[in-house]
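I opened the notebook to look up a few things in this model.

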Amino acid sequence: MSSTGAIILGIIWILLSPLWFWADNTAVGILWLCAGIAELAVALIRRNKEKKNK
């Protein structure tokens, strides 16, 4: 997966995590939020490495 795709995926997970909180499923909401943050961090690190290699 490209770094841009991973950034988009991370942002989507972060933005959709409040839906789980509203659905009274707090555990899944927290998991989605943490996964989105982790995915976004990994994607940004990967993107910076790709830019340095160019």
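I call two residues in contact when they have heavy atoms within 4.5 Å. The model is predicted, so I keep in mind that local features need pLDDT of at least 70.

**Entry 1: helix 1.** I started with what covers the buried residues of helix 1. The cover includes helix 2. I then listed the buried residues in helix 1: Ser3, Ala6, Ile7, Gly10 and Ser17. In an α-helix, residues three or four places apart point the same way, because there are 3.6 residues a turn.

Next I checked the span of helix 1. Its 20 residues should span 28 Å at 1.5 Å a residue. I found its end C-alpha atoms 30 Å apart, which agrees. I also looked for a bend. Helix 1 bends by about 25 degrees at Leu15. A proline, Pro18, follows within four residues.

**Entry 2: Ser17.** I picked out Ser17, which sits in helix 1. Is Ser17 buried or exposed? Its relative accessibility is 2%, so I count Ser17 as buried. The cut-off for buried is under 20%. I then asked which residues Ser17 touches, leaving aside its neighbours within four places in sequence. They are Gly29, Trp32 and Leu33.

**Entry 3: helix 2.** Helix 2 runs over residues 26-53 and has 28 residues. I read 41 Å from its first C-alpha to its last. That is close to the 40 Å expected at 1.5 Å a residue. The buried residues in helix 2 are Gly29, Gly36 and Ala43. What covers the buried residues of helix 2 includes helix 1, residues 3-22. So I have the cover noted from each side: helix 2 is part of the cover for helix 1, and helix 1 is part of the cover for helix 2.

**Entry 4: Thr4.** I went back to helix 1 for Thr4. Thr4 is partly exposed, as its relative accessible area is 42%. I also checked Thr4 against Asn53. The two are 49 residues apart along the chain. Their C-alpha atoms are separated by 16 Å.

**Entry 5: the loop.** Where is Asp24? I found Asp24 in the loop between helix 1 and helix 2. I looked at its backbone next. Asp24 has a positive phi of about 60 degrees, although it is not a glycine. The relative accessible area of Asp24 is 71%, so I note Asp24 as exposed.

Definitions and conventions:
Residues numbered from 1 in each chain as written. Predicted model: local features only at pLDDT ≥ 70, side-chain atom pairs only at ≥ 80, totals over all residues. Heavy atoms only, no water. Helix = DSSP H or I, 4+ residues; strand = E, 2+ residues; numbered from the N terminus. Expected span 1.5 Å × (residues − 1). Buried < 20%, exposed > 50% of the residue type's maximum accessible area, 1.4 Å probe, protein only. Bend = angle between axes of the 7 residues up to and from the residue.
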